[in-house]
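Colleague: Could you take me through this model feature by feature, giving the general idea before each case?

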Amino acid sequence: MAGLAGVVAVSGVVAGFLAGLFGIGGGAILVPVFFFAFGVAGIDDAVRMHLAVGTSLAIIVPTSLRSFSAHYKKGAVAMDVFKSFIIWVPIGVLLGTLVIASISSTELRFVFAGIATVVGLRLILHRESWQLGSDIPTGPIRWFAGVVIGLLSMLMGIGGGVLNNTFMTLYGRSIHQAVATSAGTGVLISVPGLFGAIWAGWGEAGLPPFSTGYVNWIGVFLIIPITLYMAPFGANVAHRLKKRHLEIGFGIFLLIVAARFIYSVV
């Protein structure tokens, strides 16, 4: 348990910093770390990925609030986008909860790796000409995007930065504004996502001690203080880097995570 606690604590430093840097809530690093750490602890493979997703979502709640506050104070958040997502992103999270309750650990890993690969390649190979429009559309297109972001983020156990950053930059918004807004999207995903993970895993066999549904509170309480402390440092660095540097760094990070999950399945 001491070794597991040490690994989880180190991951909290990385996750908190990345939450502020990329606006991802830390889930893209927490989910794979929890998945492999739970494996070391001997947790049943049938619930391991679900538990990693649920525990990640629980941690993203305070991390996203902290990161969103830091970006908001800098005036970087696109409030028009954030306000238009308030209803539609949680609807997507609800749909994702129903899916999580019915699919296997292996299928969840493939979902995570597939989305991370597509988005990572898009960021690394990005060209300014790769845009769907000069600004984000309003109405049904934006509502649909909110539902999709909420749905896929719930399945991945992330705060939505992976998908919201892509959506906003494809419509001409800067990566800095997308990162800041994604921190707010993380709040809209993680709060209902936490309760969804608890519901989906309620009474499930093979869960470790101190778990409520698919949320393990040992992992939550070990990492939350560390991620809360580190998130503002990442946010400060984000505002000093060039747009292209953020895109390439985020893309490489996603590909590494995707490769780890694919390796765990094959």
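Modeller: What follows treats confidence, then salt bridges, then aromatic pairs. This is a predicted model, in which local features need pLDDT of at least 70 and side-chain atom pairs count only at pLDDT 80 or more, while totals for chains, interfaces and linings use all residues. Residues are numbered from 1 along each chain as its sequence is written, and side-chain values use heavy atoms, with hydrogens and water left out.

Colleague: Where in the protein is confidence lowest, and where is it highest?

Modeller: pLDDT is the predictor's confidence in each residue, from 0 to 100, and where it is low, the predicted coordinates should not be read in detail. Here the mean is 83, with 93% of residues at 70 or more; confidence is lowest in helix α1 (residues 2-22), at a mean of 71, and highest in helix α5 (residues 88-100), at 95. Helices here are DSSP runs (H or I, at least four residues), numbered from the N terminus.

Colleague: How many salt bridges does a search of the whole structure find?

Modeller: Side chains of opposite charge can pair when their charged atoms come close, and the criterion is a side-chain nitrogen of Lys or Arg within 4 Å of a carboxyl oxygen of Asp or Glu. The search finds five. In one of them, arginine 109 pairs with aspartate 45, their closest N and O atoms being 3.4 Å apart, and this pair links helix α6 (residues 105-124) to helix α3 (residues 45-73) across 64 residues.

Colleague: Which residues do salt bridges that share partners join into one network?

Modeller: Arginine 173 bridges to aspartate 135 at 2.8 Å between the closest N and O atoms, and, because these residues lie in the α8–α9 and α6–α7 loops respectively, the pair ties together parts that are 38 residues apart in sequence. Shared partners join Asp80, Asp135, Arg142 and Arg173 into one network.

Colleague: How many aromatic pairs are there?

Modeller: Rings of Phe, Tyr and Trp (its six-membered ring) pair if their centres lie within 6.5 Å, with planes under 30 degrees apart counted as stacked, over 60 as edge-to-face and the rest as tilted. The structure holds eight such pairs; among them, phenylalanine 34 and phenylalanine 38 are stacked, at 5.4 Å centre to centre and 10 degrees between the planes. Both lie in helix α2 (residues 27-40), four residues apart, and both are buried.

Definitions and conventions. Helix = DSSP H or I, 4+ residues; strand = E, 2+ residues; numbered from the N terminus. Buried < 20%, exposed > 50% of the residue type's maximum accessible area, 1.4 Å probe, protein only.
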